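Q: Please go through this model term by term. For each label, set the value against the rule behind it.

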Amino acid sequence: MTKEHQEFEQWVNFKSKRMRIWLSQYFEKNGISNPDLLQFISTEKDPTKDHLLEQSAKYFTPLKDQLIRYQDLKKMKDSWHQFERRKNKDNKDITITLNRDTYEKLKYIKKTLKLKNISQSIESLIDNSAFKREISRLENKIKSLDNQVSRLKQK
């Protein structure tokens with residue numbers, strides 16, 4: 001058993017039917033076919049842990065170079081995470097085209113509000129939180145200036 005095969009076994013959530021079906025389809029797409037496993041793919045029945053481990057043993061065969069096996073495992077994990085992201089109903093990855101000025105303004109909002117990404121900048125504009133934060137910042141600045149003026153008047 002290769003190191004990647006062991007890591008695969010630790011990584012897979014065999015309790016997740018969705019993950020087991022996805023894995024069986026992934027193996028089929030990557031040329032690791034097994035008549036027993038093909039039956040599960042075609043009927044959308046639930047592949048067993050034993051079938052998937054058998055397929056993974058073929059996929060992470062010791063005949064391959066270790067670097068190739070490692071890259072195969074990384075590709076598999078990345079592919080699963082992409083599949084999960086696409087199935088997530090809360091957030092969808094989309095591509096939009098912006099002119100350079102708009103992009104720079106969104107980057108500025110991200111930086112000044114200490115946000116993690118540009119999509120949060122867009123969300124803050126939509127829900128007015130960017131506007132509210134800017135008003136709050138300006139109000140605090142006015143208070144600070146008022147305090148400085150009153151201190152100067154006292155001298």
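A: Accessible areas are computed by the Shrake-Rupley method with a 1.4 Å probe, and for residues only the protein chains shown count as cover. On that basis the chain exposes about 11800 Å², of which carbon and sulfur atoms supply 51%. This is a predicted model, in which local features need pLDDT of at least 70 and side-chain atom pairs count only at pLDDT 80 or more, while totals for chains, interfaces and linings use all residues. Residues are numbered from 1 along each chain as its sequence is written, and side-chain values use heavy atoms, with hydrogens and water left out.

Q: What makes up the secondary structure of the chain?
A: Helices are DSSP runs of H or I with at least four residues, strands are runs of E with at least two, and both are numbered from the N terminus. The chain comes to eight helices and zero strands. Its pattern along the sequence is α-α-α-α-α-α-α-α.

Q: Why is R20 called buried?
A: Buried means under 20% relative accessible area, exposed means over 50%, and partly exposed lies in between (1.4 Å probe, protein chains only). R20 has 9% relative accessibility, so the label is buried. R20 lies in helix α2, residues 17-29. Of the 155 residues of the chain, 28% count as buried.

Q: Which residues is R20 in contact with, leaving aside its neighbours within four places in sequence?
A: Contact means heavy atoms within 4.5 Å. With those neighbours left aside, R20 is in contact with F14, K15, D46, P47 and L52. For the chain, among contacts between residues at least 6 apart in sequence, 50% join residues at least 24 apart.

Q: How do you know that E4 forms a salt bridge with R69?
A: A salt bridge needs a side-chain nitrogen of Lys or Arg within 4 Å of a carboxyl oxygen of Asp or Glu. For E4 and R69 the closest N and O atoms are 2.8 Å apart, and the pair qualifies. E4 is in helix α1 (residues 3-11) and R69 in helix α5 (residues 66-87), so the bridge ties together parts 65 residues apart in sequence. E4 is buried at a relative accessible area of 3%, and R69 is buried at 10%.

Q: What ties E7 to K77?
A: Their side chains meet in a salt bridge, at 2.8 Å from N to O. E7 lies in helix α1 and K77 in helix α5, so this pair ties together parts that are 70 residues apart in sequence. E7 counts as partly exposed at 28% relative accessibility, whereas K77 counts as buried at 18%.

Q: Where do D78 and K74 stand relative to each other in helix α5?
A: D78 and K74 are four residues apart in helix α5, separated by about one helical turn. An α-helix has 3.6 residues a turn, so residues three or four places apart point the same way. The closest N and O atoms of D78 and K74 are 3.0 Å apart, which makes a salt bridge. D78 is partly exposed at 40% relative accessibility, and K74 is partly exposed with a relative accessible area of 42%. Elsewhere, salt bridges that share partners join R100, E104 and K107 into one network.

Q: How many salt bridges are there by this rule?
A: The count comes to seven.

Q: How do you know on which side of α1 the buried residues lie?
A: The residues in question are E4, H5, F8 and W11, which are buried in α1. They cover an arc of only 125° around the axis, so they sit on the same side of α1; the arc is that of the directions from the helix axis to the C-beta atoms. The face turned away from this buried side carries the exposed residues K3 and Q10. The buried residues of α1 pack against α2, α4 (49-59) and α5.

Q: What makes F8 and F27 an aromatic pair, and why is it called tilted?
A: Rings of Phe, Tyr and Trp (its six-membered ring) pair if their centres lie within 6.5 Å; planes under 30 degrees apart count as stacked, over 60 as edge-to-face and the rest as tilted. The structure holds 10 aromatic pairs. F8 and F27 are 6.0 Å centre to centre with 55° between the planes, and the pair is tilted. F8 is in helix α1 and F27 in helix α2, so the pair ties together parts 19 residues apart in sequence. Both F8 and F27 are buried.

Q: Why is the pair of F8 and F60 called tilted?
A: The ring centres of F8 and F60 are 5.9 Å apart and the planes are at 50°, so the pair is tilted. F8 in helix α1 and F60 in the loop between α4 and α5 are 52 residues apart, and the pair links these distant parts of the chain. F8 and F60 are both buried. Ring pairs link F8, W11, W22, Y26, F27, Y59, F60, W80 and F83 into a cluster.
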